[in-house]
Structure formats: C-alpha cells, structure tokens
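Please view the sequence and the model before reading on.

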Amino acid sequence: MSLKERLAEFDASRNRPPEVKAIIRRGIDSVRETGSAGLRIGDRAPDFTLPNQRGEMVKLSDRLSRGPVVLNFYRGVW
C-alpha cells in the first residue's frame with residue numbers, strides 16, 4: 001500500500017463530522033490561494049529568529065552554522 005493510500009485510510013478512520021471536514025478544507029484552500037504552500041525539497045528557508053522552549057531567541061542561520069537543522073512546527077504552539 002502506498003503512503004498516499006495509507007494516509008487516506010487513516011484519515012477515513014478518524015470519522016470527522018462533515019462540518020469539521022469543511023473547516024479543514026477551507027483552511028487548506030486558504031493557504032493554497034495565498035501561495036503560502038511552504039518549502040519544497042531543495043528550497044532554502046528564509047533566515048528567521050524564534051524563541052526556543054526556554055524562551056531564548058534562536059536564529060536559524062546560527063544553528064545552520066553548526067550543522068543540519070530539524071524544525072518542528074505545531075499549529076498554535078511553538
């Protein structure tokens with residue numbers, strides 16, 4: 001089974017009400033309309049500064065100077 005099929009199966013198993021599905025779909029469509037679809041493989045992220053888990057400001061370029069960086073973004077929370 002392909003990843004796409006597995007994800008579709010997982011999504012179907014969540015049994016979301018139609019109104020929740022509509023809200024999610026509107027959010028996805030809104031992002032696509034603005035052209036803010038994120039980075040593609042091989043794209044370079046713009047430099048930015050964000051607070052870490054201790055509230056200290058961390059700059060992407062500073063971390064990249066030490067080696068590869070893995071970022072996790074959680075909706076509504078950093």
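Asn15 is exposed, because its relative accessible area is 66% and exposed means over 50% (1.4 Å probe, protein chains only). Asn15 is found in the loop between α1 (3–13) and α2. Phi of Asn15 is positive, near 50°. Most residues other than glycine have a negative phi.

The model is predicted: local features need pLDDT of at least 70, side-chain atom pairs count only at pLDDT 80 or more, and totals for chains, interfaces and linings use all residues. Residues are numbered from 1 along each chain as its sequence is written, and side-chain values use heavy atoms, with hydrogens and water left out.

Asn52 is found in the loop between β1 (49–51) and β2 (57–59). Asn52 counts as buried, a term that means under 20% relative accessible area. The side chain of Asn52 reaches the backbone nitrogen of Arg54 at 2.8 Å.

| Residue | Relative accessible area |
|---|---|
| Asn15 | 66% |
| Asn52 | 13% |

Helix α2 covers residues 18–34; helices are DSSP runs (H or I, at least four residues), and strands are runs of E (at least two), numbered from the N terminus.

Notes: The expected span of a helix is 1.5 Å times one less than its number of residues. A polar contact is a pair of N or O atoms within 3.5 Å; within protein, one must be able to donate a hydrogen and the other to accept it, and residues adjacent in sequence count only if both atoms are side-chain atoms.
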